[in-house]
Amino acid sequence: RPFNFHCFPVPIRHFSRDVHFQCQSSSIDFLVQNKLDFNKIFYEGVSFLRPDEEEQLRNLLTKRREEFAEKAKVDVCVPPHMMETMAAVKEKVTRFVSNASEVMLDLPPSTGFERKLTFQLGSKEFPQCQMQTESNEKGEKFIRVLKLPEMKCPEALEEEARQKDELVIQDAVGVAGVFQMIISSGKLLVGHNMYLDLLHTIRHYHSSLPQEFEDFQTLVCGLFPRLIDNKLFAKQPQFQGKIDNTSLSALWAQLSEEPFRQVNVEFGHGFDGYGDAAQYHDAAYDAYITGRCFLSLLSNTISKDGPPPSYLDCSQVPLKDLIHRVNLMKSIGVEEVHFARENPVPDRSNVFLMTFPAQWRTIHILNVFEDLGDIRVRWVNDTSAFIILTEMNEMCKEPQEIVSQLQQCLIDKACTLQSLADPAGAGVKRRHEGEECSRPSKSKKC
């Protein structure tokens, strides 16, 4: 049953959350090209709130109810400029009390201070009535006056206020509640090249990300006891020579042809809108195709002949070695991450971290290393990049020799160079929190 919904961090009244976010023009252009409806994001986006933020909101609303109850016990003097207004309110309530056929009166929308004075008036002048705050369709607050037997006891009013606050909380939690249900289910989570998906999903729907990668490993394993990345699945030995491209669209195209057997999938009633038309980058379609790829890969792994098995057990040998392994892109010397085991430290003696003036482009970097053979450049931000010397072994030089060889040139050009083989260079930490690197313009990419 594939379907889409949009997420948006809706601001909550009286709650300090006001999310700031950035975007690249190239990303916006990509979304436009793939027909993302921006109006739906802002008009219909489902809110989300992490458990720690939910607890903060719950405590805030409880505190506000208690403060309101305390303030209601303290009388305030009616200012001279409000005497006429309160006299009009008293007259309306008096007529209401005198009219036996009326059981409810809604006063006009008013300010918080006017409502405070009205409640104070009611407790003194009209003990046979009960007043409570309500909101109209425009969100304006007003006071509703009730007579016996329609009056509600104080306990009932408190419970009603608590239930209203609970609705506010549930609306704010939104899609994060679905994420918590996925965690509680313990079901297998399947993704495709899902490392960044895990980072963003956990950060927005569960908790802040830890600074250390080892803590992140523990967090992921605790949340998802069974997790598989299709991209790694498709790279397994049994598919060598059969699958040569593991991007989602290319993988599905290959799995849809011989020698792979198809797994029949039936859509639920009203959820068959995709049919055979490809709609990549549509969230629900990508999820649907990811699921189909997984079923096809699994089916062709377990039994190469005959019909697909009717029951697929993730504890079977073909899957055990894939659990908690996730593909990692654009990481120097690391092609995957294993969340349940210690990951080997790659040899990065041929990798250097270089800083340079903000106006530099790739050509300026290539000029510095022109005598050191072929190099690759991985931009970090506008003033730094990783430099990979692909012919380091042939040069028979130690990393520090390279740094020393370029030292004067680097000083003249206001640059620095540090080997990742050095203790200081190797100490560059991988961070997950929102301190994202700014991406370079396309002219900077090699």
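The protein chain contains 18 helices and 11 strands, in a model that is predicted. Of its 446 residues, buried ones make up 35%, and the chain exposes about 27,100 Å², of which carbon and sulfur atoms supply 53%. Where contacts join residues at least 6 apart in sequence, 67% of them link residues that are at least 24 apart.

In general, the strands of a sheet pair through backbone hydrogen bonds, and may do so either parallel or antiparallel. Strand E8, made up of residues 351-355, runs antiparallel to E11 and is joined to it by 4 bridges; within this pairing, Met354 has Leu417 of E11 as its bridge partner.

Turning to the cysteines, a search of the whole structure finds 0 disulfides. Two of the cysteines can be described by their accessibility: is Cys293 buried or exposed? Cys293 is buried, because its relative accessible area is 0%, a value under the 20% limit that defines buried residues. Cys7, by contrast, has a relative accessibility of 29% and therefore counts as partly exposed, since that class lies between the limits of 20% and 50%.

Key. Residues numbered from 1 in each chain as written. Predicted model: local features only at pLDDT ≥ 70, side-chain atom pairs only at ≥ 80, totals over all residues. Heavy atoms only, no water. Pairing = 2+ DSSP bridges. Helix = DSSP H or I, 4+ residues; strand = E, 2+ residues; numbered from the N terminus. Disulfide = S-S within 2.5 Å. Buried < 20%, exposed > 50% of the residue type's maximum accessible area, 1.4 Å probe, protein only. Contact = heavy atoms within 4.5 Å. Areas by Shrake-Rupley, 256 points an atom, 1.4 Å probe, with all protein chains shown as cover.
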